[in-house]
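Subject: Structure handover and notes

Dear colleague,

Please read the notes alongside the model itself.

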Amino acid sequence: MDPYKVLGVSPNATEEEVTKAYRALAKKYHPDLNPGDENAARKMREINAAYDAIKNGTANAQSQQRAYGAGSAGTYRPYGTYTNADPLDAAEQFISMGFYAQAAQLLNSTNIRSARWYYLSSIVYAASGNMNAAVTFAENACRLEPGNSAYAQYYRDLKAGNSGYTQPKRRRMSLFGILWRGALIFFIIQLVLSFFRFGFFFF
């Protein structure tokens, strides 16, 4: 089976196009999203094998046979995992598709505590609304890799939009504002009283 046909892309497709096609198919057929569906699991094995063959530059008949043979054992990998089965790669793929719960499961299941792990965990926390934890984890990522400009920028952006770190100040009403509101309330009260006394508005 032609791996390019499995992913629905041209043999001349760019790496970005191949990855985009893979993500779309994985989002549709991954067994985590289709529990108990053997057809989806089989399709996902084919998609993984085809993606690996293209990514590794071994998209020929012999490599395809080995790839599909390896997949026929009934196993499958999470979204976006490559042959090295890096859990952080898989977690990042989950995050890119908005599957934060699955990304959190992968991140929590590994003992890796690198700067990238803290960075990805921070994104997951931010998506769940736990901004304090998100900022703390982003800070750890910057501490472990102080020269990483992407982490540093993310940390700054996160703090800038984190309401937990900057409490909004209550506006103090000026004396003029207090008097103006008092006069308006007094006018409204007089208006209502005149209606009840005379049956019409009297000034």
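This is a predicted model: local features need pLDDT of at least 70, side-chain atom pairs count only at pLDDT 80 or more; totals for chains, interfaces and linings use all residues.

Residues are numbered from 1 along each chain as its sequence is written, and side-chain values use heavy atoms, with hydrogens and water left out.

The whole chain

The chain holds ten helices and zero strands, where helices (H or I, at least four residues) and strands (E, at least two) are DSSP runs numbered from the N terminus. Of the 203 residues in the chain, 34% are buried; here buried means under 20% relative accessible area, exposed means over 50%, and partly exposed lies in between, with a 1.4 Å probe and protein chains only. The chain exposes about 13,100 Å², of which carbon and sulfur atoms supply 56%, the areas coming from the Shrake-Rupley method with a 1.4 Å probe, and for residues only the protein chains shown count as cover. Among contacts (heavy atoms within 4.5 Å) with a separation of 6 or more, 53% are between residues 24 or more positions apart.

Helix α5

Helix α5 spans residues 87-96, and seven of its ten residues are buried, so the helix is largely enclosed by the rest of the structure. The buried residues are L88, D89, A90, A91, Q93, F94 and I95, and what covers them includes α2 (15-29), α6 and α7.

Helix α6 covers residues 100-109, with Q102 among them. The buried residues of α6 are Q102, A103, L106 and L107; seen down the helix axis they fall within an arc of 135 degrees, so they line one face of α6, the arc being that of the directions from the helix axis to the C-beta atoms. On the other side of α6, the residues A101, Q105, N108 and S109 are exposed, while the cover over the buried residues of α6 includes α5 and α7. Q102 has 17% relative accessibility and therefore counts as buried, and, leaving aside its neighbours within four places in sequence, Q102 is in contact with L33 and F94.

The axes of α6 and α7 (residues 115-128) come within 10 Å and cross at roughly 145 degrees; axes are lines fitted to C-alpha atoms, for helices over the stretch in contact, and angles run from 0 to 180 degrees between N-to-C directions. The crossing of α6 and α7 is left-handed, a term that applies if the near helix is turned anticlockwise from the far one by less than a right angle, with clockwise giving right-handed. On the α6 side, Y100, A103, A104 and L107 take part, and they meet W117, L120, S121, I123, V124 and A127 in α7. The residues of this contact divide into nine nonpolar, one polar and no charged, where Ala, Val, Leu, Ile, Met, Phe, Trp, Tyr, Cys and Pro count as nonpolar, Asp, Glu, Lys and Arg as charged, and the others, Gly among them, as polar.

Two further residues

Y22 is found in helix α2 and, at 1% relative accessibility, counts as buried. The C-alpha atoms of Y22 and V6 are separated by 9.4 Å, with the two residues 16 apart along the chain.

E145 is found in the loop between α8 (131-144) and α9 (149-160), and with a relative accessible area of 33% E145 is partly exposed. Not counting residues up to four places away in sequence, E145 touches A115 and Y151. From C-alpha to C-alpha, E145 and S114 are 8.9 Å apart in space, and they are 31 residues apart in sequence.

With best wishes
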